[in-house]
Amino acid sequence: MIKIAIRDDDMNFFTKVEDIKVVYKDFNYFPISFAVVPYVLDVSTKGACLDTKGNREPKDVALNTELVNWVKSEVRKGTCDVLLHGINHNYKFAESGVKLAEMEWRDNEPELAERIKTEKDRLSKLFDYPISCFVAPSNKITKYCLNQVAYCGLNFSGIIPIKPNVNFTVQNLANYVKRWVIRAVYNLPYPGVLKYDNHKEVNACILQSYDYLVKLFRFCCKHDYPMVINVHYWYLRDNPLELEKLRKFVMDFAIPRGAIPVRLSDLLN
């Protein structure tokens, strides 16, 4: 049977434990993979975390001691996964006016690998959990930034870009073509784990319609692929119908059909 994971992005200093508990109270200890922002800034742009609105100074997630203690407790139970989600998730604008995600505007930053490794090690110690996977803010990352992530020994979860962001090797280009063929033929993101020259990678599908989730689940069952769903706790909290759609799919459809709940990191390790 297929393995299924939930990747919840944007856990940060402003995240309230009570919000997390309310959102996932009906998921029966399903392990959630939280992508954590180390030093969050204001990321309250359209479709992003409104909890950070107005924050102009980097806020260290370590200062939210209630959240840290809760995550550590869940880690010990095996019901929590910690992923690294950028450094501050900040957005900047190019001269053309185009909004750039963090792993776009940090392109060619000389000390990027050092900063990523520092946060990987710090959060691993903070949560008493060996972080092994990186999630790019807004699911956008350049080739240079992805190589810095891989240099730090991290795997990756993200969405396939139009322009290849991996090294030009036969294996990497074959993976790139395979992902686009699946998307073109089935109108689905390639859900399997792919091994590149310096990291492993798995896509996370966005929370679309219930029928879309069922279609992807059946595709994964047929081809023995895992399924990863990308959500945001603050969006589920503020949109009860979307939360119910996720709960209904995971708990009433996928689990009764033999889906095995897993942490995203375990898919890649």
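**Salt bridges, spaces and a covered strand**

The side chains of glutamate 242 and lysine 245 meet in a salt bridge, with 3.0 Å from N to O; a salt bridge is a side-chain nitrogen of Lys or Arg within 4 Å of a carboxyl oxygen of Asp or Glu. The two residues are about one helical turn apart, because they lie three residues from each other in helix 9 (residues 240-254). Helices (H or I, at least four residues) and strands (E, at least two) are DSSP runs, numbered from the N terminus. Both glutamate 242 and lysine 245 are buried, where buried means under 20% relative accessible area, exposed over 50% and partly exposed in between (1.4 Å probe, protein chains only).

The model is predicted, so local features need pLDDT of at least 70 and side-chain atom pairs count only at pLDDT 80 or more, while totals for chains, interfaces and linings use all residues. Residues are numbered from 1 along each chain as its sequence is written, and side-chain values use heavy atoms, with hydrogens and water left out.

Over the whole structure, a search finds 16 salt bridges. One of them joins arginine 7 to aspartate 9, with the closest N and O atoms 2.8 Å apart, and both of these residues are buried. Another pairs arginine 106 with glutamate 102, where the closest N and O atoms are 2.8 Å apart; arginine 106 and glutamate 102 are buried too. Salt bridges also link Asp19, Asp51, Arg237 and Asp238 in a network.

Next come the open spaces. On a 1 Å grid over the protein atoms alone, a pocket is an open set of points with protein on both sides within 12 Å along at least five of seven lines, a cavity is a set of points where a 1.4 Å probe fits but cannot get out, and lining residues have an atom within 4 Å of a point. Grid points are joined across faces, edges and corners, and a volume is the space filled by probe spheres set on the points.

The largest pocket holds about 580 Å³ of space. It is lined by 30 residues, of which Gly47, Ser138, Asn139, Asn230 and His232 are the closest to its centre. Strand 1 (3-11), strand 7 (99-100), strand 13 (227-232) and helix 8 (233-238) each give two or more residues to this lining. By class, the lining of the largest pocket has 14 nonpolar, nine polar and seven charged residues; Ala, Val, Leu, Ile, Met, Phe, Trp, Tyr, Cys and Pro count as nonpolar, Asp, Glu, Lys and Arg as charged, and the others, Gly among them, as polar.

The second largest pocket has a volume of about 270 Å³. Among its 14 lining residues, Lys21, Tyr24, Tyr29, Trp70 and Glu74 are the closest to the centre. Two or more lining residues come from each of helix 1 (17-24), strand 2 (32-36) and helix 2 (65-77). The lining of the second largest pocket divides into eight nonpolar, two polar and four charged residues.

Strand 2 also pairs with strand 5, in the parallel sense and over five bridges; two strands pair if DSSP finds at least two bridges between them. Within this pairing, serine 33 has aspartate 81 of strand 5 as its bridge partner. Strand 5 (residues 80-84) is mostly covered, with five of its five residues buried. In a regular strand the side chains alternate between the two faces of the sheet. In strand 5, Cys80, Val82 and Leu84 on one side and Asp81 and Leu83 on the other are all buried.

The largest cavity contains about 60 Å³, and its lining consists of Ile160, Pro161, Asn165, Val166, Tyr176, Arg179, Tyr196 and Glu201. Five of these lining residues are nonpolar, one is polar and two are charged. The second largest cavity contains about 40 Å³. Its lining has eight nonpolar, one polar and no charged residues, including Cys205, Leu216 and Met227.

The cysteines remain. The structure holds zero disulfides, a disulfide being a pair of cysteine sulfur atoms within 2.5 Å. For cysteine 49, the nearest cysteine sulfur is that of cysteine 80, 17 Å away. Cysteine 49 counts as buried because its relative accessibility is 0%. Cysteine 133 is likewise in no disulfide, and the sulfur of cysteine 152, the nearest cysteine sulfur, is 13 Å away. With 1% relative accessibility, cysteine 133 counts as buried.
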